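Hi there,

Here is the structure I promised to pass on to you. Have a look at it first, and then read my notes below.

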Amino acid sequence: MARWIRRIESHEMGTGRVLPTLVALGVPAATAGLTQTLFEMVDFIFIGQLGKEQVSGVALVGPLFFFSYAIASAIQVGTSALVSRRLGQRRPDQARDVVNHALLSASVIGVVLTLGMLAFLEPILMFMGKEESVLTPARQFTHIALLGLCTMHLGVAADGALRAQGNTIAPMKISILANIVNAILNPLLIYGLHMGVRGSALGTLITRTLMTAALLAQLWSPHSEVRPGRIPGLPLFLRWSVIKDIYWIGIPVSVGTLSMAAAGLFTNKLLMSLNPFSVGVMGVAMRLEGFAFTPVFGLFSAVVPMVGYNLGACQYVRCKKVIWAAAGMASVLMGAVGAIVLTFPGFFFGLFNSDPQMLPLGVQYLRINMPVYPLVGGSIMMSAGFQGLGKSWIAMLMHMYRNLVLRLPFAYWFAAIWGLLGVFWSFPTSTLLSAGISIVWMYFVLRKLGVHPEEEAGVPLPVCNAVTEAESDLSSS
């Protein structure tokens with residue numbers, strides 16, 4: 001296993017054995033995701049010791065930050081898929097051009113989003129509920145943490161560019177170091193300087209800024225295959241054709257993720273009306289689930305560039321092998337993690353908060369949701385496959401269907417019948433119904449993709465001008 005976990009060259013995404021290459025790309029990404037999840041878990045563990053009001057306040061504004069990440073994911077996924085495809089087509093200058101535009105776009109959007117969310121923060125909080133004991137720590141945390149949105153957007157763009165060229169090792173190392181810094185800063189600021197939730201927000205702001213600086217330094221280093229910079233014959237200013245290509249892939253992903261943020265916002269409002277501290281329960285449970293999902297999101301980061309590279313090289317059979325192999329691995333991993341958490345739900349939830357009002361509810365939620373975890377893993381890989389194939393709009397529709405058509409209406413309907421327990425049951429119900437549709441849809445998409453005649457004959461495909469939906473040729477710009 002150790003020999004599989006290494007930095008790979010971009011061409012290996014199209015020539016290496018499928019399973020070892022997925023592992024080589026996915027394990028470092030999963031490790032980076034694990035440390036990122038630990039980053040958030042450490043914050044929540046320390047906040048949880050302050051009291052149920054503080055943990056509920058921070059959880060209440062969680063959808064706002066998820067909303068920001070949803071916007072950033074458009075740049076990250078679009079950059080990762082498009083750069084890897086250009087490398088598969090042997091067009092390094094065009095890959096570099098994509099990276100240039102991704103970094104500039106991320107900077108502009110990050111600033112605009114920060115200013116907008118600060119301007120409308122108070123109306124959003126008042127919409128969520130009137131429980132002042134929860135709203136006060138929510139304000140304290142958010143006013144500081146929002147200042148880190150700009151650097152976060154820039155960081156995810158750099159991360160997507162690194163992963164597109166097969167470099168998942170550098171983001172992993174950076175994430176591990178950042179988590180160590182965060183684990184030191186949080187107790188120092190929260191308890192040592194008596195800043196409370198403000199200390200957690202400041203620690204997050206400092207750590208994310210350092211992460212972004214390190215990712216950018218790695219992207220510009222001599223070891224990077226695709227470095228930002230001037231390209232002979234192309235103008236320096238932004239060109240709409242390149243922005244369109246990035247966002248044609250990325251915006252559907254962003255919209256799909258935004259549907260999750262919207263569902264979370266309205267679910268939190270519903271929870272506030274049923275039991276204000278149930279928002280904290282859900283916040284703790286979501287972070288536990290984020291930890292459980294980490295291996296699968298590592299595979300996600302491997303599947304998008306690997307499928308994109310092979311699509312660019314017209315290796316359609318290999319695209320299919322990558323997607324189905326990843327789906328099988330994800331289902332097994334999620335099933336194993338779900339079984340462990342299901343066996344000891346009280347222990348895992350109690351790591352964050354053992355308040356007698358919150359612990360029983362947390363255990364209930366985990367027991368209801370864990371059995372569908374294998375389906376969650378499979379559906380996440382379907383989303384990654386759609387994005388790598390340039391069909392991000394399908395992933396978007398599936399996200400919206402699960403969150404807005406199924407989960408949110410079920411939450412309100414079930415709550416009217418069973419109260420808080422009904423909200424918990426809306427999650428596995430929506431997962432079960434949407435996962436089946438997603439898998440069947442992928443089957444028909446791959447069947448339509450077919451087989452490239454030369455690939456079937458075993459003829460090498462050094463250059464392939466595969467063009468997917470609405471993708472323009474940068475060379476014509």
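**What I found**

The charged end of K269 is placed over the ring of F127, at 4.5 Å from the ring centre. Please keep in mind that this is a predicted model.

Now for the overall picture. The protein chain has 477 residues, and 59% of them are buried. Its secondary structure consists of 19 helices and 0 strands. Among the contacts with a separation of 6 or more, 84% are between residues 24 or more positions apart. The accessible surface of the chain is about 18600 Å², and carbon and sulfur atoms hold 71% of that.

On to the aromatic residues. How many aromatic pairs does a search of the whole structure find? There are 12 aromatic pairs. F347 and F348 are one of them: their ring centres lie 5.3 Å apart with the planes at 75°, and because an angle over 60 degrees counts as edge-to-face, that is how this pair is classed. F347 is exposed, with 53% relative accessibility. Y365 and F427 also make an edge-to-face pair, with 5.6 Å from centre to centre and 80° between the planes. This pair links distant parts of the chain, since Y365 belongs to helix α15 (residues 359-369) and F427 to helix α18, 62 residues apart. Y365 is buried at 1% relative accessibility, and F427 is buried too, at 8%.

W324, I439, V440, Y443 and F444 make a nonpolar surface patch of about 470 Å². Helix α18, which covers residues 420-449, supplies the largest share of the patch with 4 residues. W324 sits in helix α13 (residues 316-343). With a relative accessible area of 36%, W324 is partly exposed, so it passes the cut-off of over 30% that patch residues must meet.

H194 is not a glycine, yet its phi is positive, at about 55°. H194 lies in the loop between α9 (169-192) and α10 (197-219), and it is exposed, with a relative accessible area of 69%. C314 is another residue other than glycine with a positive phi, near 60°. Is C314 buried or exposed? C314, in the loop between α12 (278-312) and α13, has 4% relative accessibility and therefore counts as buried.

Definitions and conventions: Residues are numbered from 1 along each chain as its sequence is written. This is a predicted model: local features need pLDDT of at least 70, side-chain atom pairs count only at pLDDT 80 or more; totals for chains, interfaces and linings use all residues. Side-chain values use heavy atoms; hydrogens and water are left out. Patches are made of residues with over 30% relative accessible area and no salt bridge: like charges are joined within 9 Å, nonpolar side chains (Val, Leu, Ile, Met, Phe, Trp, Tyr) within 5 Å. Accessible areas come from the Shrake-Rupley method with a 1.4 Å probe; for residues, only the protein chains shown count as cover. A salt bridge is a side-chain nitrogen of Lys or Arg within 4 Å of a carboxyl oxygen of Asp or Glu. Helices (H or I, at least four residues) and strands (E, at least two) are DSSP runs, numbered from the N terminus. Buried means under 20% relative accessible area, exposed over 50%, partly exposed in between (1.4 Å probe, protein chains only). Contact means heavy atoms within 4.5 Å. Rings of Phe, Tyr and Trp (its six-membered ring) pair if their centres lie within 6.5 Å; planes under 30 degrees apart count as stacked, over 60 as edge-to-face and the rest as tilted. A charge sits over a ring if NZ of Lys or CZ of Arg is within 6 Å of the ring centre and within 35 degrees of the ring normal.
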